[in-house]
Amino acid sequence: MSASVLGQDGRPRCRWCAAAPEFFDYHDKEWGFPVVDDIRLFEKLCLESFQSGLSWRTILAKRENFRVAFAGFDFRKVALFDEADVARLMADTGIVRHRGKIEAVINNARRACALVEAEGSLAAFVWSFEPVDDGARPQSRSTSPASEALSKELRKRGWKFVGPTTVYAFMQAMGLVNDHAEDCIMRSEVDRARAGLRRPS
């Protein structure tokens, strides 16, 4: 089976785009492009944890609702959430109402504040785990040595719902690896974006 599918313009994209029409736009504009903004990185870690056991289509459809519910994923604000906020979120039909995951976001926001205090930024910490290319074929695995290392360090620091699979999906989406299919038209675009990126330190 081919690793790609043709878009409306007749050019190849990663095959997973065929699962939903809205995936093409997300794929072309977001997935795999490097991100060094702390809020966006925190948001993606949270959304990937919510996706566990669900489809990304479900999460993507609810993303704007999640942003409203979780104060734009500003972890400094989310860190101040209390039991009243948990109750509010559990009643919010616009998001995934899973108490463990909701409480994990609040916990992780507090852990993010501590991490920024210690490391300077979430971006600097996350990008220190950027892997070297080990020759693995694109989209051929669901974890990697780098995702296992980052997951282990996050959990050591008290983060929750950040297993190696969740972290690998995060690394794919946030551009720490270029996992676009070899014949996908966006692979070279992401390569250029990564080559021109000023890594945070």
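Asp, Glu, Lys and Arg count as charged, Ala, Val, Leu, Ile, Met, Phe, Trp, Tyr, Cys and Pro as nonpolar, and the others, Gly among them, as polar. By these classes, the lining of the second largest pocket divides into nine nonpolar, three polar and nine charged residues. The model described here is predicted.

The second largest pocket has a volume of about 370 Å³. It is lined by 21 residues. Val132, Asp133, Asp134, Val177 and Asn178 are the closest to its centre. Two elements give two or more residues to this lining, helix H9 (145-156) and helix H11 (185-195). H11 gives the most, with three residues.

The largest pocket holds about 430 Å³ of space. Its lining has 18 residues, and those closest to the centre are Glu48, Gln51, Trp56, Ala169 and Gln172. At least two residues of the lining come from each of helix H1 (23-29), helix H2 (38-51) and helix H10 (164-173). H10 supplies the largest share, six residues. By class, the lining of the largest pocket has eight nonpolar, seven polar and three charged residues.

Helix H2 can be followed from end to end. Asp37 caps the N-terminal end of H2. A side-chain oxygen of Asp37 lies 3.1 Å from the backbone nitrogen of Ile39. After H2 comes Gly53, with a positive phi near 85°. The length of H2 agrees with expectation, because its 14 residues should span 20 Å at 1.5 Å a residue and its end C-alpha atoms are 20 Å apart. H2 is also mostly covered, with 11 of its 14 residues buried. Among the buried residues of H2 are Leu41, Phe42, Leu45, Leu47 and Phe50. Asp38, Glu43, Lys44 and Glu48 are also buried.

The structure holds zero disulfides. A disulfide is a covalent bond between the sulfur atoms of two cysteines. A pair of cysteine sulfur atoms must lie within 2.5 Å to count. For Cys14, the closest cysteine sulfur is in Cys184, at 3.9 Å, which is too far for a bond. For Cys17, the closest cysteine sulfur is in Cys14, at 6.0 Å, and this too is too far for a bond. Cys14 counts as buried because its relative accessibility is 0%. Cys17 counts as buried because its relative accessibility is 0%.

Backbone angles draw attention to two further residues. Most residues other than glycine have a negative phi. Phe73 is not a glycine, yet its phi is positive, about 60°. Phe73 sits in the loop between helix H4 (63-69) and helix H5 (75-78). Its relative accessibility is 0%, so Phe73 counts as buried. Gln139 is not a glycine either, and has a positive phi of about 55°. The place of Gln139 is in the loop between helix H8 (122-127) and H9.

Technical notes
Residues numbered from 1 in each chain as written. Predicted model: local features only at pLDDT ≥ 70, side-chain atom pairs only at ≥ 80, totals over all residues. Heavy atoms only, no water. 1 Å grid on protein atoms, 1.4 Å probe; cavity = no way out; pocket = protein on both sides within 12 Å on 5 of 7 lines; lining within 4 Å. Points joined across faces, edges and corners; volume = space filled by probe spheres on them. Helix = DSSP H or I, 4+ residues; strand = E, 2+ residues; numbered from the N terminus. Expected span 1.5 Å × (residues − 1). Buried < 20%, exposed > 50% of the residue type's maximum accessible area, 1.4 Å probe, protein only. Polar contact = N/O pair within 3.5 Å; in protein donor to acceptor, adjacent residues only side chain to side chain.
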